Each structure stands twice: as structure tokens, then as C-alpha cells.
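Me: I want to learn how to read cores and pockets in a model. Where do we start?

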Amino acid sequence: MFNTLPLLPADPILGLSQAYAKDTNPLKVDLGVGVYKNDQGQTPIMQAVMLAEKILIDKQVTKAYTPPAGVPGANEVATQLIFGADLLSQIQSRVRSIQTPGGCGALRVAAELIQRAKKGASLWVSTPTWANHIPLLGNAGLTLKEYPYYDYKNHAIDFAAMKNTLQSVPAGDMVLLHACCHNPSGADLSKDQWNELADLFAERHLIPFIDMAYQGFGDGLQEDAYGIRLMSSRLPEVIVAVSYSKNFGLYRERAGSLSIVFADEKQADAGLSQLLSVTRALYSMPPSHGAALIDIILHSDELTKIWSDELTSMRQRIANLRSDLVRELNQLQQKQNFSFIANEKGMFSFLGLSVEQVHQLKNQYSIYMTDTSRISVAGLTANNLSYVAKAIVSVL
Ligand code: LMR
């Protein structure tokens, strides 16, 4: 039977990590997969997570199944982190949250629920968007369409073109937005642009489907949730997929959540019952370890402070790396102005190189990034930054 299956090429993002691991060049640099690294090039376990793990070992008395929606305390604090206590007190009766296996799980479960409500529904995604959005959402059966987002020439959002397309999207269609730290471009919507979109979505009855994989990596925990909170305060239905891989450093624990704002309480109860039937048929219940840690951290003022302070220093380190890279690149050459990298947010930016230039960087310098020239800025260190800048300049 399986002889019908052809060999597939490596994943465009995860495949880079395998190629990097095999590279024997001591100068190799991994700017591929979006994983936070410190200045030693390591992805450490966050301090608050280590402390919470000790608490968990002492207090956990069973490995029996969790409820189908996951660790109850984690859903409570995660929902507050997304919507903020003030807004949540107003919309609580219409919001339902479940834990999911990472942000990927949240996206796929949401897509499966949408399929039950409206088979083959249209979801508009930004050009470009995270490569894995396409199979995660499209393979569930949603009809994916594209709206223009990043203008590669000007290294900025083409907001006029984006709005222009969204103005002609049929009522009832969904639009996938990145809450912050747009992956892959790093170009984020301003508050004014979110405000304009909220008006447009309300007028045209569009449904926002918001992916928040980097809360705390852009401008701050509250600031990064601006768009979600705005949309949720104004619109009857909002879908929010969240990953805790990056902001809690829980990558391998597959911690994520899906929150949906429904039109009313009755629909929320029906929606939750459908969500749990979707997940029962896929994996029964989500992994609990990461969620149990989030529950412990966000229920403790002391651990929350340790966690958010560390997250702040991670965010600042990435912002400093962005400025340092721009300075080096702009000092070494005048052909191209790389200043836009310092204005972009989160883990990623496009360098604006061709596939050939990207391959030259890999083959000649062992510097790894996706073929689109997306770099994960967090892979830079004080040690490798000059090497990377000189290599980039040599291929321009
Ligand atoms: C990325 O875009 O590099 C991250 O979101 C990791 C992944 O799963 O692709």
C-alpha cells in the first residue's frame, strides 16, 4: 500500500534545523527556525518555568486524564492574558477557551470547528504568511484566499492594498491576522491600522481569526494583545489561536490554547460542545505539562514577575540585535539601506535577498535561513553578528 507514497522534500522551516545540525563548520549560524536563543546560542528553560516545574513535581499526585478542555486553572489565566481582565469581565459569558497541542493544534482545531459550521468557508490570509498556516488550515478543508500585506520593495505593510482587498471580501468570510510579530515579515499593524480594520470588519461583517504566537515579543504583553482586545470588544465573533512555545519557552511541551468569542452565551455553549467533540475525535485531550506550568506561574504574583521580567529581557535582546545588525550592515555598504530591520518586531525579518544569495550564504558561510531570506533575529549573538553582516554584504 505505502509504495504509492513518494518521498517528500524536507519542511521549509524545520528542515533547516536538520541541515544545520549536520554542518561541521565551527562558524555555522542558525537563523532558520523561530526559536529564541540567548547570547550563548542556547534556548534556555525560563527561570519561572524551572521553578514551576519543581512546584509541579511536589504537588502533582496523579497522571489521570485532565478534563477534555485541559487543565482548568490554565484556561482561566490564559484567557485573562489574552483578553485582559477588564474586557473579559464584559464578554466572559460569550468566550470559551480550550488548551491545544501548541499553536498548531489551536489553528487546526479552529479550522475543524469552522468546517462543521460552514463547510469550505473562505479564510483570507496575508501574503506572505507563516508557511505552515497553509497546510494546517487548508488541509482541514477551508478555502484559502490571499490579501496583500508585505511590500517587499518598500519593506513595509502595504496597508492601502490590504484594505482595498478586504473592502471587497464578502460578508461572513474570515480574515487571518497576526496579533503581533508578523511571521515571516516582522511588519506589524499600528494601533491606528488596527482601529481602521476594526471599523472595516464591523461594517463588512468580516470575522477575524487571529494567530498570537509571540505575545510579549513585540512591544509588551498588553500592547501585543491590542488588536485582539479591540476586535473582541467590537465584533460578535472572534477566533484566537495562541502558542506558548515562545513566550514561555515551552516549545516541545506543545502548549497552546484556542479561545473563541461567540455571538451569545447559547452559541458559546454549543460551540464548546462542538470543540470538545472535534478534539475527542482527534486526540481526546491536550498535553497537560506545559499548561500546568502556565497555571502555576500565572497564579503566582512572584512567578509572574520573574517570568515577565525575563520575557522583557528577551524582547530587549532581540530589539538590540536588530539595531546592531542594521548598524553593521549600513556601515559596511551603501548599496542597500537595512534600517527597516530595526523597526520590525519579534523574531523575524526578511533580508530581501534572492534564493541564490540565500544559498550562497548557506554554502559559503554556513549561515542558515529560509529561502525567502527570512532570518530569525534571535539566532544572532555578539560573537556571530559581524560574521553574518560581512557575509550578507559579500553576497549583495
Ligand atoms: C517558525 O516560523 O520558524 C516557527 O513558528 C517554528 C515553526 O514551527 O515553523
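Reply: With two terms. Domain bounds come from an automatic or database domain assignment. On a 1 Å grid over the protein atoms alone, a pocket is an open set of points where a 1.4 Å probe fits, with protein on both sides within 12 Å along at least five of seven lines; lining residues have an atom within 4 Å of a point. This is a predicted model: local features need pLDDT of at least 70, side-chain atom pairs pLDDT 80 or more, while totals for chains, interfaces and linings use all residues. Numbering runs from 1 along each chain as its sequence is written, and side-chain values use heavy atoms, without hydrogens and water.

Me: Why does the largest pocket lie between domain 1 and domain 2?

Reply: Rolling a probe the size of a water molecule over the atoms shows where empty space is left. Here, domain 1 (10–44 + 309–395) and domain 2 (65–299) both contribute lining residues, so the largest pocket sits between them.

Me: Which residues are closest to the centre of the largest pocket?

Reply: L14, V33, G34, W130 and K246, out of 36 lining residues.

Me: What does W307 contact, leaving aside its neighbours within four places in sequence?

Reply: Contact means heavy atoms within 4.5 Å. W307 touches M46, A48, L81, L221, N247, F248, I297 and L298.

Me: How do I read the largest nonpolar core?

Reply: In soluble globular proteins, nonpolar side chains tend to be buried together. A nonpolar core joins buried Ala, Val, Leu, Ile, Met, Phe, Trp, Tyr and Cys through side-chain atoms within 4.5 Å; buried means under 20% relative accessible area (1.4 Å probe, protein chains only). The largest has 129 residues, and F83, L177, F201, F209, M231 and W307 touch the most other members. Domain 1 and domain 2 each supply at least three of its residues.

Note on methods: Buried means under 20% relative accessible area, exposed over 50%, partly exposed in between (1.4 Å probe, protein chains only).
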